Amino acid sequence: MTADRPRSMSLGMNILGLGGHAAAAHLHEVPPTATTDVDYFVNIAKISERGALDGIFLADGPAYQGGRAGGGKLDPIVLLTAVAAATERIGVIATASTSYNHPYNLARRIASLDHISRGRAGWNAVTTAGDAAARNFGQDGAAFHSDRYRRADEFIDVVTKAWGSWAPDATRLGPDGLIDRRPDAVQPIGHTGEFFSVEGAGTLPRTPQGRPVIVQAGASEGGKNLGARWADAIFTAQTTLEDGIAFARDIRARAAAFGRNPNHVRILPGLSTVIGSTEEEAQRRWDELDSHLSFEQEYAQISGRLGVDVRELDLDAPLPWEKFPKPDDSFRTSHGFLEAQLSLARRENLTPRQLVKRIRSGHRLAVGTPEQIADTLEQWFRAGAGDGFNIMPDAFPSGAEIFVDHVVPELRRRGLFRHEYEGTTLRDHLGLPHHDLIEADERERAGSRALAS
């Protein structure tokens, strides 16, 4: 597929532990240790594949999260290699930090996943805010925001150089059936920068997609520039339609300024779902899950995201805006989550208690019937607030099954989502060209700009 725009919305399944709701374990659908069982993830991947979803997405961070619900976290790249072997079409997107990896090794691991999956791999590049992970790597605390994003920009530059260090024809066969490699088909990177020095070429030829899909999830100024320069898809956290539209327009304008075709960037807002056959059933499911949450669980999580101890506020009074920190360079948690959540609170005049209930996952929440979930997806898609969505069901596997078996058919009935896969790679599913074609397009754009100047 080489179209500039997807013919239908993109849909991904974000597998957050046992579910997007912090109390998902209390439904006892699977053992609490399921997060270290590859069959658990394979089952969710196969459910998603049954619905022809684009891919499954695994968030990650190199630090122990604590709590009773989680039974541990497998390495996403290792896990998704196993999942890819057990599936046929679904994309596999692994999160890996630019702050606590080396680009040469990570380039090799992600490219290996793309080869093994025959073109279904993606990498979610994150800078990893927060001090816990930093202390696992011999640091006193997380680097300043601007330093993390400078490193991330150079990190992705090195990764893409490694992926592109083999020419597209570097593995062509000659008349004798052996590789007929011209002398300059594999070029050393020769990179020297602020953070990294990498001399040699990558260890692998170009992958089935040209290069794996790059996903990025930052919404700060640094994050938006990073995504606009490098990302094929941006996983974002806007919670209001107006903010979603503005974010998508901003990203496309920035991508164009970097010399890219803005239609080659997919915007994928997150959506937390609680679904029932009726509104009342959906509300009962949400209320049941909420009933298992403690005060400490709820408010500790939101306090960390907002940078203020919510417990010190009047929980049923208007939010005191003057107490919230500005997302400057020293603010070490997510700028994007902070801005999205405060924007929602302002637009809907939410109290601290109401805000906590609305944004536990950090993303927009939809509670209702399959038709109502389809309504909100259609509204955002048609308004240009997203090319698709990363779905975060409340609990697995039931939340994934309900979405695939009831919401997806409704989207198909409205002509918004495909009935079957139309290609074999993650780029195909996203409606993106093979990366070699994107490279050719960007060279042509650069040439046109040079002539114009």
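Predicted model: local features only at pLDDT ≥ 70, side-chain atom pairs only at ≥ 80, totals over all residues.
## Cavities in the structure

When the whole structure is searched, three cavities of 30 Å³ or more are found. The largest cavity has a volume of about 140 Å³, and of the 16 residues that line the largest cavity, Gly12, Ile93, Leu268, Asn390 and Leu430 are the closest to its centre. At least two residues of this lining are supplied by each of strand 1 (10-14), strand 2 (55-58), strand 7 (213-216), strand 8 (233-236), strand 11 (388-393) and helix 14 (426-430). Strand 1 provides the largest share of the lining of the largest cavity, namely three residues. By class, the lining of the largest cavity holds eleven nonpolar, four polar and one charged residues.

The second largest cavity contains about 80 Å³ of space. Its lining is formed by Tyr104, Ala107, Arg108, Ala111, Ala162, Trp163, Gly202, Thr203, Leu204, Pro205, Arg206 and Thr207. Helix 3 (103-116) and helix 5 each supply at least two residues of the lining of the second largest cavity, and helix 3 gives the most, with four residues. Sorted by class, the lining of the second largest cavity comprises seven nonpolar, three polar and two charged residues.

## The second largest pocket

The second largest pocket has a volume of about 430 Å³. It is lined by 21 residues, of which Arg211, Trp230, His435, Glu439 and Glu442 are the closest to its centre. Two or more residues of the lining of the second largest pocket come from each of helix 5 (145-163), helix 6 (221-230) and helix 15 (435-452).

Helix 15 contributes the largest share of the lining of the second largest pocket, seven residues. In terms of class, the lining of the second largest pocket is made up of five nonpolar, five polar and eleven charged residues.

## Helix 6 against helix 7

Helix 6, which also gives residues to the lining of the second largest pocket, has an axis that comes within 8 Å of the axis of helix 7 (residues 241-257), and the two axes cross at roughly 55 degrees. Helix 6 and helix 7 are therefore oblique to each other, and their crossing is right-handed.

On the side of helix 6, the contact is made by Glu221, Lys224, Asn225 and Ala228, while helix 7 brings Phe247, Asp250, Ile251, Arg254 and Ala255. By class, the contact of helix 6 with helix 7 consists of four nonpolar, one polar and four charged residues.

## Helix 12 against helix 13

The axes of helix 12 (residues 370-383) and helix 13 (residues 398-413) come within 9 Å and cross at roughly 55 degrees, which makes helix 12 oblique to helix 13. The crossing of helix 12 and helix 13 is right-handed.

From helix 12, the residues Pro370, Glu371, Ile373, Ala374 and Leu377 meet Phe403, His406, Val407, Glu410 and Leu411 of helix 13. Classified by residue type, the contact of helix 12 with helix 13 has seven nonpolar, one polar and two charged residues.

Conventions: Residues numbered from 1 in each chain as written. Heavy atoms only, no water. 1 Å grid on protein atoms, 1.4 Å probe; cavity = no way out; pocket = protein on both sides within 12 Å on 5 of 7 lines; lining within 4 Å. Points joined across faces, edges and corners; volume = space filled by probe spheres on them. Nonpolar A, V, L, I, M, F, W, Y, C, P; charged D, E, K, R; others polar. Axes fitted to C-alpha atoms, helices over the stretch in contact; angles between N-to-C directions. Parallel < 35°, antiparallel > 145°, perpendicular 65-115°, else oblique. Left-handed = near helix turned anticlockwise from the far one by under 90°. Contact = heavy atoms within 4.5 Å.
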